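The sequence and structure are shown first.

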Amino acid sequence: LALYFHSGEREEKCIIEDVPSDTLVIGNYKVQRWDIHIQDFLESAPGLGMFVTVTAPSAEVLLSKLYGPQGTFSFTSYLSGEHIICLQSNSTRFVTFAGSNLRIHLDIRVGEHFLDESVLQAKDKVNEVKIRLEHLIEKVHHISKEQDYEREREEKFRKTSEETNSNILWWAIAQTLILISIGFWQIKSLRDFFISKKLV
Amino acid sequence: LRGWALAGLLCALRAGGTELTFELPDSHKQCFHQELERGVKFTLDYQVIAGGHYDVDCYVEDPSGRTIYKEAKKQYDSFPHRTETQGVYTFCFSNEFSTFSHKTVYFDFQVGDEPPILPDMSTRVTALTQMESACVTIHEALNAVIDSQTHYRLREAQDRSRAEDLNGRVSYWSVGETLILFVVSIGQVVLLKSFFTEKRPSSGSAGT
């Protein structure tokens, strides 16, 4: 768990993960709290927990659980799209001084299925290679899934661009027609007005 | 021995690293820290996927607080560096120059050199067997696939974000212009008519 960042006591920090459907996402985190007495972050903070909330692209909540100061969470995506992973501590303290009070270590892995290392020690070399080959095949399937998802997104992108294009064309024609018809109406209206006022 | 190479290929991990996508609100700064050994090579790649002008400020500091990289309003960049001291390295993304657009930033922080697929590849005296060189080739190709996929995924996300913005703007402006057209033309006719209309005398005023 290498990378870390700071956060306020009650602040919610969110990470966006754009993943294809049926993908396993695993997250590891560790949270430490600032201690005023030793002027450093405590190595472990008992009683401190983190709410982990995962929101699917359809705004449906996939995961909402309270974990301890150190934990692992995982979820499998049903839909393709942007999943939002939010971390918020369950601290009930009021902020006593400005600045960050929590140090959060975070590591998120997408689409990886961890090898069960113990299985590999068991049998002979052939079996080990077989298991590793299956793992590799799974990984290549994941590449294929990501490419399919990319194709979907590009299609959506192309549709948006074509829609914009036809939007511009349609509105230009409509505005020209409105302009011409309003021009006619203006002249007619004024002509009738002047005639009725006996100015013409 | 060949079995080892094949097994090595199949379990090859990328060099350690983290990639995250997060939303950076306007006038905010977000910093990340990592403890690194001395003499380790790291690369920071970042790209702005959505928001405003798709740019962000970024700076990297070494453990002594010295700024080793600083760029303003960049859309994407890649910063490789070999550490000289051991300690906590900090990199920050700042959106403080923007008052109302929040940015979606992607960054990839890769640490360490890529471990060679064959553990003793550099110390060997004999040539590689066919199996081993096949493994090396596949390994390099797969790494290239990962990089390529990430690059295209980010580019596409950014372009799609721009296209959606454009579509929205076209719609709003078109409707607005049509309304203005109606208002102005009807207003013109009404105004002209009012110039030629006699003012009706108000009841109770003394006439001359």
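## Surroundings of T90(B)

Apart from neighbours within four places in sequence, T90(B) is in contact (heavy atoms within 4.5 Å) with C31(B), F32(B), H33(B), Y59(B), V60(B) and E61(B). The model is a predicted one, in which local features need pLDDT of at least 70 and side-chain atom pairs count only at pLDDT 80 or more, whereas totals for chains, interfaces and linings use all residues. Residues are numbered from 1 along each chain as its sequence is written, chains are lettered from A and ligands numbered from 1 in the order in which they are written, and side-chain values use heavy atoms, with hydrogens and water left out.

T90(B) belongs to strand β7 (residues 87-94) of chain B; strands (E, at least two residues) and helices (H or I, at least four residues) are DSSP runs, numbered from the N terminus. With a relative accessible area of 13%, T90(B) is classed as buried, where buried means under 20%, exposed over 50% and partly exposed in between, for a 1.4 Å probe and protein chains only. The side chain of T90(B) is joined to that of H33(B) by a polar contact of 3.2 Å. A polar contact is a pair of N or O atoms within 3.5 Å; within protein, one must be able to donate a hydrogen and the other to accept it, and residues adjacent in sequence count only if both atoms are side-chain atoms.

## The interface between the chains

How many residues of chain B are in contact with chain A? The contact involves 49 residues of chain B and 47 residues of chain A. About 4,400 Å² is buried between the two chains, with carbon and sulfur atoms giving 67% of this area. Buried area is the accessible area (1.4 Å probe) that two parts lose on being put together, summed over both.

The interface of chain B and chain A holds one salt bridge, a term that denotes a side-chain nitrogen of Lys or Arg within 4 Å of a carboxyl oxygen of Asp or Glu. E164(B) and K156(A) form a salt bridge in which the closest N and O atoms are 3.6 Å apart. Polar contacts across the interface of chain B and chain A number 14 residue pairs, both residues being at pLDDT 80 or more. On the side of chain B that touches chain A, at least two residues come from each of α1 (2-10), β1 (17-24), β2 (29-36), β7, β8 (103-111) and α2 (130-196) of chain B. The most is given by α2(B), with 27 residues. By class, this side of chain B has 26 nonpolar, 14 polar and nine charged residues; Ala, Val, Leu, Ile, Met, Phe, Trp, Tyr, Cys and Pro count as nonpolar, Asp, Glu, Lys and Arg as charged, and the others, Gly among them, as polar.

Q186(A), in helix α2 (residues 125-196) of chain A, is in contact with S185(B), Q188(B) and V189(B), its neighbours within four places in sequence being left aside. Q186(A) is buried at a relative accessible area of 17%. Its side chain reaches the backbone oxygen of S185(B) at 3.0 Å and makes a polar contact of 2.8 Å with the side chain of Q188(B).

## The domains of chain A

Chain A is divided into domain 1 (2-114) and domain 2 (127-166), with bounds from an automatic or database domain assignment. Domain 1 of chain A supplies 12 residues to the contact and domain 2 of chain A eight. The C-alpha centres of these two domains lie 27 Å apart. The area buried between them is about 760 Å², of which 53% comes from carbon and sulfur atoms.

Between these domains the count is one salt bridge. The side chains of D18(A) and R153(A) meet in a salt bridge at 2.6 Å, N to O.

Most residues other than glycine have a negative phi. Two residues that are not glycine have a positive value in this model, as tabulated.
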